[in-house]
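Subject: A structure for you to look at, and what was found in it

Dear colleague,

I am passing a structure on to you with this message, and I would be glad if you could look at it slowly before reading on.

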Amino acid sequence: MNVIDVHKGGNMSYQIGKRCVKCGICELTCPKEAISIRNRNYYIERSICDGCDKYEKPICKKVCPIKKAIVEKTET
Ligand code: SF4
Ligand code: SF4
């Protein structure tokens, strides 16, 4: 088992993919402050992200102007 892929039970996990244009809106709006820049790319820290389970839709996906820049971890 890959321990890096373990995340909190029941919560969806998200990642930022290659479509990201690095506008930074998601970083500014994430209620958990789970998004930061690593190696010049925006990155979701999955140990902090709770999948926006209190909201109707993940805030980062809602504000991101690029379709499918932020995807569920199972999407590739
Ligand atoms: S799903 Fe919510 S908590 Fe997770 S990175 Fe996106 S905005 Fe932040
Ligand atoms: S809002 Fe979307 S395009 Fe902008 S930095 Fe975040 S993932 Fe990238």
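This is a predicted model: local features need pLDDT of at least 70, side-chain atom pairs count only at pLDDT 80 or more; totals for chains, interfaces and linings use all residues.

Residues are numbered from 1 along each chain as its sequence is written, and chains are lettered from A and ligands numbered from 1 in the order in which they are written.

The pLDDT is the predictor's confidence in each residue, on a scale from 0 to 100; its mean over the protein is 86, and 82% of the residues reach 70 or more. Over residues 1–10, however, the pLDDT is below 50, and this stretch has two contacts in the model beyond near neighbours in sequence, a contact being a pair of residues whose C-beta atoms, placed from the backbone, lie within 7 Å. Among the elements, helix 1 has the highest mean pLDDT (98), and strand 4, residues 70–72, has the lowest (93).

The protein contains two helices and four strands, where helices (H or I, at least four residues) and strands (E, at least two) are DSSP runs numbered from the N terminus. Along the sequence they follow the pattern β-α-β-β-α-β. Of the contacts with a separation of 6 or more, 64% are between residues 24 or more positions apart.

How do strand 2 and strand 3 run relative to each other, parallel or antiparallel? Strand 2, residues 35–38, is joined to strand 3 by four bridges, and the two run antiparallel; strands are said to pair if DSSP finds at least two bridges between them. Ile-35 has Ile-44 as its bridge partner in strand 3, while Arg-38 stands opposite Asn-41. The two strands form a hairpin with two residues between them, and Asn-39 in the turn has a positive phi of about 50°.

Burial is counted here in C-beta atoms, placed from the backbone: a residue is buried if 20 or more others lie within 10 Å of its own, exposed if 12 or fewer, and partly exposed in between. By this count, 20% of the 76 residues are buried. Asn-39 is exposed, because it has 5 other C-beta atoms within 10 Å.

In soluble globular proteins, nonpolar side chains tend to be buried together. A nonpolar core is a set of buried Ala, Val, Leu, Ile, Met, Phe, Trp, Tyr and Cys residues joined through C-beta atoms within 7 Å. The largest one here has 13 residues, of which Cys-26, Ile-35, Ile-44, Cys-60 and Ile-70 touch the most other members. Strand 1 (14–16) and strand 3 (41–44) each supply at least two residues of this core. Leaving aside neighbours within four places in sequence, Ile-35 is in contact with residues including Cys-26, Cys-30, Ile-44 and Cys-60.

Finally, two single residues. Ile-25 lies in helix 1, residues 25–29, and is partly exposed because 16 other C-beta atoms lie within 10 Å. Not counting residues up to four places away in sequence, Ile-25 touches Val-63 and Cys-64. Lys-22, in the loop between strand 1 and helix 1, has a phi near 60°, a positive value in a residue other than glycine.

With best wishes
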